[in-house]
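I opened the notebook to look up how one chain meets its neighbours.

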Amino acid sequence: MIPFDLQEPASLAEAIALLDPDDPSVRPVAGGTALMLMMKAGLFQPTRLISLRRLEGDLRRVHVDEHGDLHLGALVPLSKLELSPLVAEHAPAVSETCRTLSNVRVRNVATLGGHVAHGDPHMDLPPLLIALGARARAVGPRGERWIDAADLFVGYYQTALERDELLAEIVIPAPSPDSSAAYVKFTALSADDWPAVGVAAAVRRREGVILDAVLAVSAATEKPIRLAAAEAAIRGKSTSSGSFDEAAEAAAHEVEPLADIRGSTAYKREMVRVHVRRALIKASHS
Amino acid sequence: MSTHVDAPAPVERKAPTTTQIGRSIPRLESRAKVTGEAEYIHNLRLPGMLYGKIFRSTVPHGRIVRIDTRAAKELPGVFAVITGEDVRALIPDPYYGPAFHDQPVLAIDKVRYVGEPVAVALSEDPHIAEHAANLIEAEYEDLPAVFDEVEAAAATQVFVHDALRPAGMFPDLKHLHGRTKTNVALDFTLRRNDVEQGFAQADYVFEHVFRTPTVAHTALEPIVSVAEPRGPQALTIHTSSQSPSFVRSEVARLLGWPENRVRVRTAFLGGGFGAKLYIKLEAMVAVLALMVKRPVKISLTMEEQFYTITKHATTVHLKTGVTKAGKITARQCEAWWNGGAYADIGPRVTQKSGFTAAGPYDIENVALNSYAVYTNLPPAGALRGFGIPQLVWAYESHTDLIARELEIDPLEFRRANILRDGRPQATGTIMHDIATVEVLDALSSAMRWGESFDRGKGSIRRGHGIAIGFKACIAPTTSGAIVNLYGDGSCAVYCGTVDMGQGSDTVMAQIAAEVLGLDPQSVSVIHPDTDVTPYDMATLGSRSTFHMGNAVRLAALEAREKLFAIAGKALEADPSLLTVADNGVSAPSGRRLSIADVIKSTFLMQAGNIIGTGSFRPTYTSPSQGDGQSDDITPFWMVGAVGAEVEVDTETGRVRVTRLVNVADVGTPINPGIVTRQLNGGALMQLGFTMSEAVRFDNGQAVNASLADYKIPGILDIPDQTLAKIVAGCQSTGPFGAKGVGETGTFAVSPAIANAVHDAVGVRIFDLPLTPETVYRALRAAQHNPLEDQQ
Amino acid sequence: MHVEGNILIHAPQSDVFDFAENVELLTQCIEGCRNVHELGDGKYAALLEAQIAFLRMAFKVTVELSRVERPNTIEAHIAGTPVNLVGKIDARAGLTLEPAGPAETRVTYALDVSLAGKLGGMGESVFRAKAKEYGDRFAVHLRDAVESKLLEKAP
């Protein structure tokens, strides 16, 4: 590893001021579980790292506001999400997803903000955040702005965040009483492998009919994406599994999976099909 | 003074007391390991020490045109940058290896695989060394490369080596010297009776081809070595090695020195599994340290281990003749071993495992051919089973297919053909102390074989399968040991066995304690140090409990004889009637002295030593050239059978092993707790090689050389039930009836699981690993709806 | 790894061919390819700066046309090493030109890339994901460059 400059600002404003919009080798780091691997491999050679470890306050908080929206600070470690009673109550699918997200050592260190802002398509929470209609609050030198989770992921390791912006929090809107969500992941090698396919589904249903659904896939594709055709195929249909097959079929057609050591394009397409159906079943029975 | 014995070991003068044998005492080093006090070479720092970082080849086969080290040398903090040409200036012929002297310390003239060491940058700061290695540039003239073992064996144009260079240590390799225009390093042949006649007698003949991929050891402590010059004429090498004695003689040979000027020592190893055998980094650090006159340390990363040593990929072609009644009449086997660019111990794997390729069956007519093949991939060597799991994968998948075709229960088919105690194996060696039948019986009851079985429902289908494998222990090899009683009656065992997590320290202490009437927890085991501990061939191939266990036992017996001689005077008793227990010596009269007091009675104060030495080398007849026949091929046999229950998700192809039962003949276990954990550890390691592990190559480059992409089993992959059943037998020549166990748990795991998958969903997988996509594609093909890859 | 794709260019096949067989013009269509200069014998040296999200890599490469068969086929061989990192990139890029109308050409590209060293051992998945994107952007740049050149030529 080549020596680099490490800054440890004490405030969010200070941290933002240390970022450099023109230099991709200046990078914020929270838990460092992903970035350090890239640095050790020599793939990423930073000139400056801005450690966020001294930042306090809402960035580390989980709370529910007066509208019932769930606020998750960007520096909340994944293990805190996993164990938080508030998260379990307001977004049980998030708690459940965290239990098999990496391992306990990583979850104790990795943060929600890093997990999202790293932009690795294999992460588990991004498709679920898309399905739950979450929004991200980004803070930069020009103030703050909100980005829908569905617009946050723009490519492999690429997000809609500007280089001089930091993620401050993720907000999951209060669930309506008729909605439920689920995330299913499929690992092709060991059980704790990166997912080969991850599918999140959120459905609103009334009297056995799906009013609407949001479906998102990750890992098989170069970024987490919404499955618009599959969502359309399920809208207004019954919650019987037969109608899920149509959505699964539509999903298989609309994705362009990337081949890698975890599976060929053709195989991953089949796994998208299977897991869209399984995610819908799980979401509509939870 | 020394007791040198050609097996069998001598009969004891007295009936053994068995207070320490068969006891599952805790491991001696447990506390040190959990508190972080245990010594590992990884933590060693010496004054003035330099760190080396290796610059590696990026082409699979190429002529070195130019190596530019200028930018690296100019980097501030860089002490030196060394290339193969620099090494050649010190050692004219710097090639090493246990079977062939084919591997250069650093590449010379040619590189033969992606990842081969080409140069080393040295600095007091490991980060500077790493940066400097990244600044080295090399230009290669690309040569055509060969990667597949079957293609490489048949190649007529592309040769990894210009000429074969057998090491000369093994007589059966001598005829290969200087052979050119071939990638076949060794061609082992075994013929028993007439295989063609056997096929003619058969009602059916079955042929199948099975493959296994390259896999990696992934020891949690990566390979590490430190060389410390003691002036220009002597060296100490601190190394995470399983074979310190070999390192000493091979480094001495390279330097042209007598062995007594090279001292090699080890500490605990964080796993070895065969990766840390023979020469890995030791020759490199030795040469570098002598050149720069400073201690030099090289520690590999996990990624670099993938470029250093792997387990052979194989292609195995089997052909079997069988009667309608299910009697095997003939078996023919051709096995190709992908040895990578350097032979390492591959030719031994080819021969020592090759002769068991027909399986643990009583077959009249056998023809075996086993080829060690050079390719342009990282070198392959020993990995927990020494080639046996690859062969068992083939012959037990094949055997199951035959039983299915004949509609005979797979367990009954095996029972009908099993090789029994007293019958000749394919080499002609008569089987002794081998519990094949008992192992099958125990497997049958553990699996509740023949009883009703839940086949699953919906997209989850259940199946069960079995397999059995066997292995000969490597021969001929030697172990020596010293047992030292100090003036206060405390005891140390000096032995070259490396405790790499298998619990050998504890077992050696139990053996010495048993003979000397001591508490094994009080015995200290001196770790390998070639200036101190006697010669030991290596810690490999499940040989230590048997070989070193015998040597320690003999050394302890000799020490006890001396103790009794002294005690006889002090206790006024006939030495031959004395006994030991609880740190003391007792006479028939009832008089008793502590061991400390016995020693004091002769040295007149707390002083002196009582030293016993032992050396053990079993008998051996090397197989004859041409037909591979031998009347004494191995000191003992290991037998392991596995039963597996699986669930197959027919929508994804994912296989979950729900129950894994390992049944093993281990002779008399000295520490049943350790034996059980060895069996389970071996089984779970092989579970990874069965389900998910494979090093994937793209034009010779390993593309998943990290634990992020090369997936070993995690805790969630462990079967709900993982059981090890010990079939208690007795190895009559072993120490207190024990035989080796380190590899037995691996033998039959892979085919048992594939056989269970076949039972569950009716498809046969011929190539490991059983990834979901592999199984899914087989399911689709069986439905006549193959998965198409559109562009 | 292998990626391929195609693009429709509004230009006659011969114009596209003329453009593509000129290494200096062709390399302008590869993102991050700069300092192209001829080494002789049809070989060119160049610096290839690839930016994959926040990962920035520079390669010293040589480019040569390994096959030029008018009017359909052009193949290039690009080989090089990353700067400050042990590794190797070896790419074979093939362009197939087919007429798709009176003044239209369908260009199919096929890219075979092998990586060695750190890039191959650790970075393979991201490179694999990005190769297709790079290829498609190359095709767009090629189309735009050929079409704008044609416009320049137009009276």
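How many residue pairs are in polar contact across the interface of chain B and chain A? I found 12, with both residues of each pair at pLDDT 80 or more. I note that the model is predicted.

**Entry 1: chain B against chain A**

I looked up which elements of chain B give two or more residues to this side, and they are α4 (126-135) and α19 (772-782). The largest share, five residues, comes from α19(B). By class I noted eight nonpolar, eight polar and 13 charged residues on the side of chain B that touches chain A.

I then looked for salt bridges and found five across this interface. In one of them Arg277(A) pairs with Glu651(B), with the closest N and O atoms 2.7 Å apart.

The contact takes 29 residues from chain B and 24 residues from chain A. Glu651(B), Arg654(B) and Lys711(B) supply 23% of the area that chain B buries here, more than any other three residues. I wrote down a buried area of about 2100 Å² between the two chains, with 53% from carbon and sulfur atoms.

**Entry 2: chain B against chain C**

Here I found one salt bridge. The side chains of Glu137(B) and Lys60(C) meet in a salt bridge at 3.1 Å, N to O. On chain B's side, β2 (50-56), α4 and β33 (701-702) each give two or more residues, and α4(B) gives the most, with three.

The buried area between chain B and chain C is about 1500 Å². Thr58(B), Asn134(B) and Glu303(B) supply 34% of what chain B buries against chain C, more than any other three residues.

Key: Residues are numbered from 1 along each chain as its sequence is written. Chains are lettered from A and ligands numbered from 1 in the order in which they are written. This is a predicted model: local features need pLDDT of at least 70, side-chain atom pairs count only at pLDDT 80 or more; totals for chains, interfaces and linings use all residues. Side-chain values use heavy atoms; hydrogens and water are left out. Contact means heavy atoms within 4.5 Å. Buried area is the accessible area (1.4 Å probe) that two parts lose on being put together, summed over both. A salt bridge is a side-chain nitrogen of Lys or Arg within 4 Å of a carboxyl oxygen of Asp or Glu. A polar contact is a pair of N or O atoms within 3.5 Å; within protein, one must be able to donate a hydrogen and the other to accept it, and residues adjacent in sequence count only if both atoms are side-chain atoms. Helices (H or I, at least four residues) and strands (E, at least two) are DSSP runs, numbered from the N terminus. Ala, Val, Leu, Ile, Met, Phe, Trp, Tyr, Cys and Pro count as nonpolar, Asp, Glu, Lys and Arg as charged, and the others, Gly among them, as polar.
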